[in-house]
Amino acid sequence: MPLSSPSRKIRVLVVDDSAFMRKILRDIINSDPELEVCCEARDGIEAISLAKLHRPDVVTLDIEMPKMNGLDALRVIMKQTPLPVIMVSALTQEGAEATIKALEYGAIDFIPKPSSSISINMKEMRDEITAKIKEAARVPRRFLELRRMRLLRSQKVKTRKPSVPAKTVVTIASSTGGPQSLLRIFPKFPENLKAAILLVQHMPPGFTKSFAKRLDSLSRIDVKEAEDGDTIEEGKAYVAPGDYHMEVQMRAGKPVITLNKKPKIHGVRPAADPMMITAAEVFGRRTVGVVMTGMGKDGAQGIIAIKKKGGITIAQDRETSIIFGMPKAAIETGMVDHVVPLDKIAETVVMAVNKVNRGGAGGRSFAVSR
């Protein structure tokens, strides 16, 4: 919900069955002069009632709670009182899978549940939580209605394809709002895509594997969480694992994925810039760069590197970006060839791949249907 004046604090409803966890979140949120906890709930039923009564700007919502869990509460809130919701997810396999479902149901973003360990990096955790709350408060209302995705209900049997090292690569950078957007575009990629896809979605460890599995279940191409040493193969997609930068090298004449824990870039790891820059170095003009919804400027330097090598560059437009920060930064470089809405990204990628495979240079020489 947009703020009515610059001086008004962003009001947050904190929902968690643990009094200890509510206190941690309350202290973190109230420590920022732009934020305040307006109310707290212990379960999903209370959350629905307080959301309707107080109309907070943002809701932080736990997943596992008594009486009504966070997923069920989210569905009711998004139907009755559409608000920006950030899920608070446990660092478990079950928590990761529930979080992916929550993002499909309309949650804007998620944060890993703060640990009670005294060794936790409290400042880093506080900065992440407060930054995501502020971004969520600015999400346009058109993204807040419950629109459960009409995704493919069953995975088509995938034809087993020969392992062919890719000669063309599509690099995708995505952050806040990315998971639900990517779940829409990946089913549109054709089975015979003559390129590999490298994806950096800003997510912590434990979540990228579940997300890759979800993408794979909906896609005609194979999708997996990347592993160090993977050969980059045509018709396959590789998701950068949480807490690892993903880069590209040539080894024995084949393009290979390498993973590392170099310092965070733009405050995140994985970051898209090193993936896009190294991909451009290896694949040259046969590189397609895509920057999608997300806060910050990750991907902008990658777009520059790809364009300088003669590749084709694409950015998501303002109207369909839940957060326009990353696409905006990419567009402002002056190196983006095509600015398109979400439902045209897959089509534009396929056209770009076909063009570079025919030997065409990067640029705006093909039109995207409207």
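**Aromatic pairs and a helix contact**

A search of the whole structure, which is a predicted model, finds 2 aromatic pairs.

Aromatic pairs
- The rings of Phe 110 and Phe 207 have centres 4.6 Å apart and planes at 35°, so this pair is tilted.
- This pair links distant parts of the chain, since Phe 110 belongs to strand 5 (residues 109-112) while Phe 207 lies in the loop between strand 7 (196-201) and helix 7 (208-218), 97 residues apart.
- Phe 110 counts as buried at 3% relative accessibility, and Phe 207 is likewise buried, with a relative accessible area of 1%.
- In the pair of Phe 186 and Phe 189, the ring centres are 5.3 Å apart and the planes stand at 85°, so the pair is edge-to-face; both Phe 186 and Phe 189 are buried.

Helix 3 and helix 4
- The axes of helix 3 (residues 70-80) and helix 4 (residues 93-105) come within 10 Å and cross at roughly 5°, and the two helices are therefore roughly parallel to each other.
- From helix 3, Leu 71, Leu 74, Arg 75 and Met 78 meet Ala 98, Lys 101, Ala 102 and Tyr 105 of helix 4, and the residues of this contact divide into 6 nonpolar, no polar and 2 charged.

Charges over rings
- Lys 261 lies over the face of Tyr 244, at 4.9 Å from the ring centre.

Methods: Residues numbered from 1 in each chain as written. Predicted model: local features only at pLDDT ≥ 70, side-chain atom pairs only at ≥ 80, totals over all residues. Heavy atoms only, no water. Axes fitted to C-alpha atoms, helices over the stretch in contact; angles between N-to-C directions. Helix = DSSP H or I, 4+ residues; strand = E, 2+ residues; numbered from the N terminus. Parallel < 35°, antiparallel > 145°, perpendicular 65-115°, else oblique. Contact = heavy atoms within 4.5 Å. Nonpolar A, V, L, I, M, F, W, Y, C, P; charged D, E, K, R; others polar. Phe/Tyr/Trp six-rings, centres within 6.5 Å; stacked < 30°, edge-to-face > 60°. Buried < 20%, exposed > 50% of the residue type's maximum accessible area, 1.4 Å probe, protein only. Lys NZ or Arg CZ within 6 Å of the ring centre and 35° of its normal.
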